[in-house]
Amino acid sequence: MNEAVVWQELAALAERAVGLSDPNPRVACRLVLADGRSFDGHTQAAGQAHAEVMALRAAQAAGADVRGATAYVTLEPCSHHGRTPPCCDALIAAGVARVVVAAIDPNPRVAGQGVARLRAAGVAVEVLPTDHPAAVATRELNIGFWSRMVRQRPWVRMKVAASLDGTTALPDGTSQWITGEAARTDGHAWRRRAGAVLTGIGTVRSDNPRLDVRLVPTARQPLRVVLDSALEIDPAARILQPPGAVVVYTAVGATATAAQMARRAALTDLGVTVIDRPGPPKHAGGPPKVDLAAVLTDLATREVNELHVEAGAKLNASWWRAGLVDELLLYLAPRLLGQGEPIAALGPLARLQDGWPLTFVSVQPVGADLRILARVPGRAPW
């Protein structure tokens, strides 16, 4: 058996949990029996079966005896009672003889305890080196889960569509559509990866977006998040409509006016969660703005692994200045648009070295456009 092929196939299988398993990690398992037969499984929706249990069920449905089998698992089997019982106990009870693990679970409630429990039960366990392609693929697929477990905040990915000269909208705000259909569909696939999609009140006013996942199939909709410091959002805005839940963060707090209190009540009646997270004002003596770091902390408590930011130039700049962006997902259209809205309204710098450095992760054509994934150096949460 070619184990390299096994890990490649398991990586593809784990990707099927995208848009399904959140907030749980995306995991795949293969049981290989002594007679050469194999049975696969991947993580289901939260509260349902994990990858190991799905593989065991597949074997059971086929009437196969898994005693003495080898289990290949992309992430360490869990050892704690969460929404489901521990997967390591299920493997032990089934009589699996050997388990090969691509990566140790970063969850402090697991973090090697699954491997320890398997070994204590007499199961032979092998953990791949951290630089093994299967280990790398597991971490990348679950980068948001690693971020929430290790840093206690979501992985922040900023998505932007622009022309080759960096224009994201014309001076009058027109931006639909700079990139082509293939890029827009691909962008929805990245939305599907996210636990939450975030924008600002400026984009809600100018574009009235839905920010749901429509162009690709999905089993769940990400949480939609609006930053609205002064609580000005129109209750009729499309982003507040189904499908999916919505959270609006404001900086109003105890200083709310009668109009703001009425708007909060109207939003609550729609099922929208309104949360006050005031931070310092943008300008001395000005009104307070939403505290971006506090938003990330709150989203982590809501089990958001990946935060997908689709906002305008001003809010994008605020995220960069706060040092909270981890990754840039940039779609470039093969056209020049001249003056207009930039990717982020960062303003002029005095020195080149004052810029925000990025490292290319991938560069790939998507239809007629180009998709660039670039990461802030040293930001990976492992």
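The structure is a predicted model, in which local features need pLDDT of at least 70 and side-chain atom pairs count only at pLDDT 80 or more, while totals for chains, interfaces and linings use all residues. Residues are numbered from 1 along each chain as its sequence is written, and side-chain values use heavy atoms, with hydrogens and water left out.

E52 lies in helix α2 (residues 51–61); helices (H or I, at least four residues) and strands (E, at least two) are DSSP runs, numbered from the N terminus. With a relative accessibility of 3%, E52 counts as buried, a term that denotes under 20% relative accessible area, with exposed over 50% and partly exposed in between (1.4 Å probe, protein chains only). Leaving aside residues up to four places away in sequence, E52 touches C29, V73, L75, P77, C87 and L91, contact being defined as heavy atoms within 4.5 Å.

Elsewhere in the model, an open sheet of mixed pairing is formed by 9 strands in the order β10-β9-β8-β7-β13-β6-β14-β16-β15. Two strands pair if DSSP finds at least two bridges between them. The edge strands, each pairing on one side only, are β10 (273–276) and β15 (359–366). On average, neighbouring strands of this sheet are turned by 20° against each other, direction ignored; the axes are lines fitted to C-alpha atoms, and angles run from 0 to 180 degrees between N-to-C directions.

Strand β7 (residues 196–200) is largely enclosed by the rest of the structure, because 5 of its 5 residues are buried. Strand β7 runs parallel to β8 (residues 223–227), to which 5 bridges join it, and A196 stands opposite L223 in β8. From β7 the chain crosses through helix α8 (residues 201–207) to β8 in a right-handed β-α-β crossover; right-handed here means that, with the strands pointing away from the viewer, the path from the first strand over the helix to the second runs clockwise. Strand β7 is also joined by 3 bridges to β13 (residues 306–309), again in parallel, and A196 stands opposite L307 in β13.
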